[in-house]
Amino acid sequence: MNNFELMQREMRKSKRRKNVVGYALLAPYVLIFLFFSVIPCLMGFVFSFMQYNPIDSSKNMFVGFYNYAQLFDFTNSVSLKFWKSFATMFLFDIVMVPTLIIIPLTLAYLINLHPPGYKFYRAVIYLPSVISVSVMGIVFSKLFAGDELGFFNALFGTNIKWLSGKPFENDILRWVVIFIASVWWQTGTNFVILSGALRNVPKSLYEACEMDGGSRLQGILHVTLPNIKSSVGICLFNTLIGYLGLYGQPYVLHAVENSIDQEIVSPMMFIQYYLKNASFVNMTGYICAAAIVFGLIVMVFGTIERKVMGERKRTDKHSAAYKQSKQDVEWGLSLKGPAQDVQSVGGANNVNSIN
């Protein structure tokens, strides 16, 4: 065996060792994803076609698409509650998602102007995002408690029931509190992403815009926003998916003045409530069907967002014009002698006119 073959054998052994180490480091995450995400999803998909009872297996039977038909039967009170919770969540998302893009983007733009004390303001904006939803719920439940012990009631001498109200009827104040809490809690995450994106916009583009007579607003519209589009897309996607799965904020803010039965205001809360309640154990297959449908709806919204915010491909017309212009430039430069000065890349057009 010559030296070359020995070298190849050592390289293969080294590669195998690296692969083993890589797979060993990856294995825990793969197993967790497999056992706690993939397998439960597959089981839920199978159960959605069954009348499934996890306690008494003798009652289990295959029912086909019956559970899905029941979910879209609007005369069914449970199905009606699911779709009402979806409508409530969707209306809240229409307001919440754009707000959590506009406010962080505005703050990031102002902080990147480096006003006095901007580092302190940057830390203050980001700080709330590091706390858990439970802590956020405790803070705002004390601030907006509906008795004299509530901070704002005590401050203004009022007795407003901020967190009371039945869903879909008279719970506007509660949603206002959830809105304020969500903005305070989650602005920091998008702020950091957008602030980093703004710092990466080349200053030369702003200078070119000013030289062409562009105003600051035109610089924002035609320089800033196009250059941070990908970061805005990431923030929009994460915020949209997160608020389609709205659960934590209304759940932790309900305990002061309401019962859980009144708090089914999102599909995630609907699924959690019926799955963990033993009296609805015979509805497990139906709830799995609701979860599958809701998951598909989330996927559709996510796909639409990525399509809208994704990079658009050049049309055939613009691609052909770009390629022709590039060829003209290369042809013009190739016809110039080494002693000639290259005055402009538009020389190709002059050559074409002479020919």
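C209 is buried in this predicted model, with a relative accessibility of 14%. C235 is likewise classed as buried, at 0%. The disulfide count for the structure comes to 0.

**Cysteines**
- A disulfide is a covalent bond between the sulfur atoms of two cysteines.

**Salt bridge**
- The structure contains 1 salt bridge.
- R306 and E305 form a salt bridge through their side chains, with an N to O distance of 3.6 Å.
- R306 is partly exposed, its relative accessibility being 41%.
- E305 is buried, its relative accessible area being 5%.

**Contact of α3 with α7**
- Two packed helices are described by the angle between their axes and the distance between the axes.
- Helix α3 spans residues 77-111 and helix α7 spans residues 172-199; their axes come within 7 Å of each other.
- The two axes cross at roughly 45°, and α3 and α7 are therefore oblique to each other.
- The crossing in which α3 passes α7 is right-handed.
- The residues of this contact comprise 19 nonpolar and 7 polar residues, with no charged residues.

Key: Residues are numbered from 1 along each chain as its sequence is written. This is a predicted model: local features need pLDDT of at least 70, side-chain atom pairs count only at pLDDT 80 or more; totals for chains, interfaces and linings use all residues. Side-chain values use heavy atoms; hydrogens and water are left out. Axes are lines fitted to C-alpha atoms, for helices over the stretch in contact, and angles run from 0 to 180 degrees between N-to-C directions. Helices (H or I, at least four residues) and strands (E, at least two) are DSSP runs, numbered from the N terminus. Angles under 35 degrees count as roughly parallel, over 145 as roughly antiparallel, 65 to 115 as roughly perpendicular and the rest as oblique. A crossing is left-handed if the near helix is turned anticlockwise from the far one by less than a right angle, and right-handed if clockwise. Ala, Val, Leu, Ile, Met, Phe, Trp, Tyr, Cys and Pro count as nonpolar, Asp, Glu, Lys and Arg as charged, and the others, Gly among them, as polar. A salt bridge is a side-chain nitrogen of Lys or Arg within 4 Å of a carboxyl oxygen of Asp or Glu. Buried means under 20% relative accessible area, exposed over 50%, partly exposed in between (1.4 Å probe, protein chains only). A disulfide is a pair of cysteine sulfur atoms within 2.5 Å.
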